[in-house]
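Have a look at the picture, then read on.

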Amino acid sequence: MLVVRPAGPSDYESLMELAVLSGRGFTSLPEDEPTLRERLDLSKASFDGGVAPVEAWYTLMLEETDTGQVEGVAGVKAAVGLKRPFFSFRVVTLAQSSPTLEMRFDHKALVLVNECAGWSEVGSLFLRPERRKGGAGRLLAQSRYMLIGAEPQKFAEMVLAELRGWFDEDGACPFWDHVSARFFRLPFDQADLMSASTNGQFILDLSPRHPIYTELLPRAACEAVGRVHREGEAARAMLEREGFRYQGLVDLFDAGPTVSAPRDDIRTVREARVLKAAAGDDDFGEEALISTSRIDGFRAVRAPVLIDGGRAVLSREAMDALGVRQGDNVRVKA
């Protein structure tokens with residue numbers, strides 16, 4: 001059975017393996033040992049309640065219980081942009097007109113903004129390629145919303161997700177090569193690692209201060225603005241089913257879109273019910289998403305469940321995977 005569980009320091013080897021598999025542009029999974037170890041330490045402290053709620057970064061592992069192999073990773077940051085800048089480009093329309101010539105033009109431009117400070121973020125969603133079918137990705141993605149719904153007061157009223165931007169087949173990033181590299185004067189991989197492993201001051205120091213007119217950009221860079229990486233379309237579709245929408249914000253480095261939703265309007269947060277766990281002898285009922293009801297010791301699975309009034313009747317295998325006993329609260333999203 002696949003189970004989503006908290007990540008901790010002992011998961012370093014698995015997390016590094018996933019980071020290597022994730023490839024270029026996956027900023028939250030750099031191939032950097034100190035960064036990944038620090039993230040896992042922070043994850044444990046976050047689940048244990050050892051950091052302030054706004055500083056928490058919960059990392060989740062998707063594990064096959066039969067083998068113990070980690071199949072994927074995801075994360076939830078309680079708040080972004082409070083201790084380090086969280087800049088984006090906003091795609092805006094600048095209108096210019098000439099009454100003398102009786103002409104008007106609308107120009108699209110990119111403007112540096114810091115609009116998302118204090119928002120929560122869901123991200124870091126990555127699975128081994130062989131696990132991207134059969135519902136594993138959906139379980140891992142939705143587990144983030146079950147985590148938020150377990151104790152919503154620990155998260156912001158707005159939640160965002162950044163999607164990886166467009167890279168060519170040869171690994172080149174058109175937006176970086178033609179736009180961002182002109183300001184940061186670094187190779188993409190070095191800037192990407194610095195973004196993940198430093199306080200981000202270099203972004204504040206070097207980001208453009210004036211609008212960038214997209215009509216002046218090479219076609220490849222212009223077409224990359226707001227475009228999702230070929231491997232990110234499924235993730236975008238899952239986010240949109242939960243209620244996330246693109247509102248014109250894109251990443252500074254690769255111009256990938258940022259989507260967002262009010263926390264309480266996220267479908268899984270809104271529709272999950274709190275029920276009492278009850279043990280059944282076999283798998284029966286309709287398959288559903290089931291999680292524990294608290295962040296401490298959080299776990300989530302997809303399994304058959306029979307809803308009987310205020311009870312959720314589960315197989316013993318599902319109860320063991322969740323670590324719950326008869327009468328414990330669980331959250332169920334059909």
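1. Start with Tyr 58, which counts as buried at 2% relative accessibility (buried means under 20% relative accessible area, with a 1.4 Å probe and protein chains only). Keep in mind that this is a predicted model, where local features need pLDDT of at least 70, side-chain atom pairs count only at pLDDT 80 or more, and totals for chains, interfaces and linings use all residues. Residues are numbered from 1 along each chain as its sequence is written, and side-chain values use heavy atoms, leaving out hydrogens and water.

2. Phe 155 is buried too, with a relative accessible area of 6%.

3. Next up is Trp 176 with Phe 253: an edge-to-face pair, 5.2 Å centre to centre with 75° between the planes. Rings of Phe, Tyr and Trp (its six-membered ring) pair if their centres lie within 6.5 Å, and planes over 60 degrees apart count as edge-to-face. Trp 176 is in helix H4 (residues 174–184) and Phe 253 in the loop between strands E9 (245–250) and E10 (257–262), so this pair ties together parts 77 residues apart in sequence. Helices (H or I, at least four residues) and strands (E, at least two) are DSSP runs, numbered from the N terminus. Both Trp 176 and Phe 253 are buried.

4. Ring pairs also join these two into a cluster with Phe 167, Phe 184, Phe 188 and Phe 202.

5. Finally, the charges: the charged end of Arg 37 sits over the ring of Tyr 12, 3.8 Å from its centre. That takes NZ of Lys or CZ of Arg within 6 Å of the ring centre and within 35 degrees of the ring normal. Lys 77 lies over the face of Trp 57, 4.2 Å from the ring centre.

Methods: Buried < 20%, exposed > 50% of the residue type's maximum accessible area, 1.4 Å probe, protein only. Phe/Tyr/Trp six-rings, centres within 6.5 Å; stacked < 30°, edge-to-face > 60°.
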